[in-house]
Amino acid sequence: MSVTAQKQRTLKSEPRRNDADTLALEIVEKLTYSLGKTTDAARLHDWEQATALAVRDRIIDQWLTSSRKAREEGAKRVCYLSMEFLIGRLLRDAISNLGLTEPVSEALARYGVELDLVELLEPDAALGNGGLGRLAACFMESMASVGIPAFGYGIRYVHGFFRQEIVDGAQVELPETWLDHGNPWEFERRERSFEIGFGGKVSTLEEPGKATRYVWRPAERVLAVAYDTPVIGWRGGHANTLRLWGAHPLDPILLDTFNSGDHVGALVESNKAEAITRILYPADSHQAGQELRLRQEFFFSSASLQDIIRRHLTTNESLSNLADKVSIQLNDTHPAVSVAELMRLLVDVHQMDWDEAWAVTRATFSYTNHTLLPEALETWPVQLFERLLPRQMQIIYAINAEVIRGARAERDFSGEAVSAISLIDENNGRRVRMGQIAFVGSHSVNGVSGLHTELMKETVFGDLHRLYPERIQNKTNGVTPRRWLLQSNPGLTGLISEAIGDGFRDDIEKLIELDPLAQDAGFRERFAAVKRANKERLCAQIEDRLATSIDPSAIFDIQVKRIHEYKRQFLNVIEAVALYEQIRAHPEIDWTPRVKIFAGKAAPSYAQAKEIIRLAGDVSRVINSDPAVRNLLKVVFIPNYNVSLAEIIMPAADISEQISTAGLEASGTGNMKFALNGALTIGTLDGANVEMLEHLGEENIFIFGLKAGEVAELRRNGHTGRGAIEEQPLLRSALDSIASGVFCQDEPGRYSGLVDAIRDRDWWMIAADFKAYWDTQRRLDALWGDRAHWDAIAVRNTARMGWFSSDRAIREYARDIWHTPPSA
Ligand SMILES: *Cc1c(COP(=O)(O)O)cnc(C)c1O
């Protein structure tokens, strides 16, 4: 045993006690010696920092143990490369996973401090846009919980996802500043830094009898510095590392330039370096396309690979067995340049033979595809790629030649089929296709739901799938039940414990034991009472943020997610308008009171998505202030959707809106969080809704509308919205009102473009699906009148959603892709 291992063992020899006395002492010690505050002078913010530091010490104990164990056992590690980690707040997660919620709460209470309030002061770490980044965060938590040694690798953006405000109805983007008060969770590792090159030239070295060697001499270099955050699993059993790279200049200031009087010029290099990790691109399901983005992608890919190789060589003699010791998962194509960079490092730097390097590379990488939307598939102009990454471009050409040679020889590919699999798109001004690179450089390629995976085989990767028919597999997404049930819904968690015991906390699929209780009137009532309390909690938030009061006894019908045409918030708003008009036209009908709640951010450059936000705001103003509606309908748009807001919203929903145009939502994970918390889903047969239907049973989910194949067929046949609008007076009238300015009398033509797009094209099948959507909503209205039935369905949703845990997803990745045994 090494000396440090012995030292760590002695450090750990007395396990810390978990009672409130001990924790109070530890927290006050942090307050005093780390923050220099007395308990009297401490502000809530100081308590937050002190609590985080005290809890952090306990995480570190486990972190060191887990790392040592993985090292000593030579265990295979998973490296999860992701441009985004949408982690949210960590304090409550850490306290809860360590089983310290009660003692910490009690310790703070002794000083008159409320843990709930302390938790709210932590900034919400929003290093991601939406589902893809949140999946990476859920996966990190699950890998720690099931005991898979893993590193998450990403970027330490100084400014995360923008803060959204609504000003005069329109979205305004403000910079997000999560690091302003420091970050107690991270450790800067200056010693763990790597040089990352850009540009420059490639030269060759010829030695007699040896293969030509290539040497890349970059024109620019920056330093990638590691910032480590421990990720603690359930019951504190295992901890992994989230390693985010920050960019720093090699020379903080050019002294020659400064001394010659050019004070600004002396800092240009430094600013340019730091710009790489300054800001997260706010594009979701849309390719960002600028040079800085490609720099970000290469920067974190290269740093991560250099780190992986360094670690490997500390305990292994060569890189030949790299794939036995590491699995690298590429979360979407953002890190796909890793395929070329690993080849460069193996062949050019470590002098591995090309064929062996290619075998090692493919055995090491696997790739997760997240979207079929053509506008989201990453490609880069060859010219830009070549200028920024000249050696990697050469390698891509070489890989391409080999793939194409194989395709011609082994599978008789020719003509069109060859250009379809080519890594270079020759049709649109020569572009490098990152999806193709990720595919050919991986031994496994996965989609994120059954339907999405099948569509991948037929569409984007149709030809590559013919060439490599074994490579594509499915791994349906999941969400961590710790954050999305235990922490966000303590009321329901307590009720479930009373009903079936605590086993579900360790194995979420035990929730199925609740299923028979759907028949138990007493249980249903208690379940409904918890929902009611969660709705009141959301009401208070809405009152607080928007000064709008809503009635917790109405149906809470909620759609929260990125604003995108394919997600069809517009369909939902049109339904609100149609319902509004019906309520006005038929006051005699016994309408079911409903609150429609929206939240979500639009990409700043996405004009239509921003219009939809504006429309939702305009519609809400008119409906909410119309006395003829008698509070039977309200529409609310809550600004600045993020993980923390989601944690309050999900438990409060009666209806979850998952209404994307079929074939376009790869999986969805919002759908899972809602259903786990007992909301009823209204949705299309899209993404993981399909599997939810299978697990829930068709009586317990409300599916409507066109199927993926029907959407594709209508699009092929030049469908427009005209026919459907003609046939449906409700739809026609709602669209007329929107187009003619009923909701925006100051600028009546504001939404005529949005409406024209439905009439003339209806690309997103809003008109085509409207009737089915409307009818299904009215079925839900009727069901609300039969509360016993509604509540029984809600209970069954919670009971049957256990399979959608990210623990299950991670175990499948471990078994079928990484070949790493979980230890818990
Ligand atoms: C879960 C989650 C998402 C993903 O939602 P979808 O409905 O699957 O698109 C996006 N943002 C946040 C903050 C989330 O928590």
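In the predicted model, domain 2 and domain 3 bury about 3100 Å² between them, and 56% of this area lies on carbon and sulfur atoms. Within domain 2, the residues that lose the most area to domain 3 are Gln 164, Trp 234 and Leu 451, which together account for 18% of what that side buries. The centres of domain 2 and domain 3, taken over C-alpha atoms, are separated by 32 Å. The contact takes 41 residues from domain 2 and 40 residues from domain 3.

These two domains belong to a division of the protein into three parts. Domain 1 covers 16–73 + 90–122, domain 2 covers 75–89 + 124–190 + 225–248 + 279–476, and domain 3 covers 481–804.

On the side of domain 2 that touches domain 3, the elements giving two or more residues are β2 (85–88), α7 (131–146), β5 (163–167), β6 (170–174) and α18 (450–458). The largest share, seven residues, comes from α7. By type, the residues of this side of domain 2 divide into 16 nonpolar, 15 polar and 10 charged. Three salt bridges are found across the interface of domain 2 and domain 3. Elsewhere in the list of salt bridges, Lys 610 pairs with Glu 173, and the closest N and O atoms of this pair are 2.8 Å apart.

Side chains of opposite charge can pair when their charged atoms come close. Arg 243 forms a salt bridge with Asp 228, with the closest N and O atoms 2.7 Å apart. This pair links distant parts of the chain: Arg 243 is in strand β11 (residues 239–249) and Asp 228 is in strand β10 (residues 220–232), 15 residues apart. Arg 243 counts as buried because its relative accessibility is 7%, and Asp 228 likewise counts as buried, at 2%.

Arg 43 and Asp 46 form a salt bridge in which the closest N and O atoms are 3.4 Å apart. Arg 43 has 49% relative accessibility and so counts as partly exposed, whereas Asp 46, at 6%, counts as buried. The side chains of Arg 750 and Glu 747 meet in a salt bridge with an N to O distance of 2.9 Å. Here Arg 750 counts as buried, at 9% relative accessibility, and Glu 747 counts as partly exposed, at 38%. Salt bridges that share partners also join Asp 557, Glu 575, Arg 594, Lys 596, Glu 657, Arg 778 and Asp 781 into one network.

Backbone angles were also examined. Most residues other than glycine have a negative phi. Ala 547 is not a glycine, yet it has a positive phi of about 50°. Ala 547 is placed in the loop between α23 (521–546) and β19 (555–560). With a relative accessible area of 67%, Ala 547 is exposed. Arg 630, which is not a glycine either, has a positive phi of about 50°. The loop between α25 (607–624) and β21 (633–637) holds Arg 630. The relative accessible area of Arg 630 is 47%, so this residue is partly exposed.

Notes: Residues numbered from 1 in each chain as written. Predicted model: local features only at pLDDT ≥ 70, side-chain atom pairs only at ≥ 80, totals over all residues. Heavy atoms only, no water. Domains from an automatic or database assignment. Contact = heavy atoms within 4.5 Å. Buried area = accessible area lost by both parts, 1.4 Å probe. Salt bridge = Lys/Arg side-chain N within 4 Å of Asp/Glu carboxyl O. Helix = DSSP H or I, 4+ residues; strand = E, 2+ residues; numbered from the N terminus. Nonpolar A, V, L, I, M, F, W, Y, C, P; charged D, E, K, R; others polar. Buried < 20%, exposed > 50% of the residue type's maximum accessible area, 1.4 Å probe, protein only.
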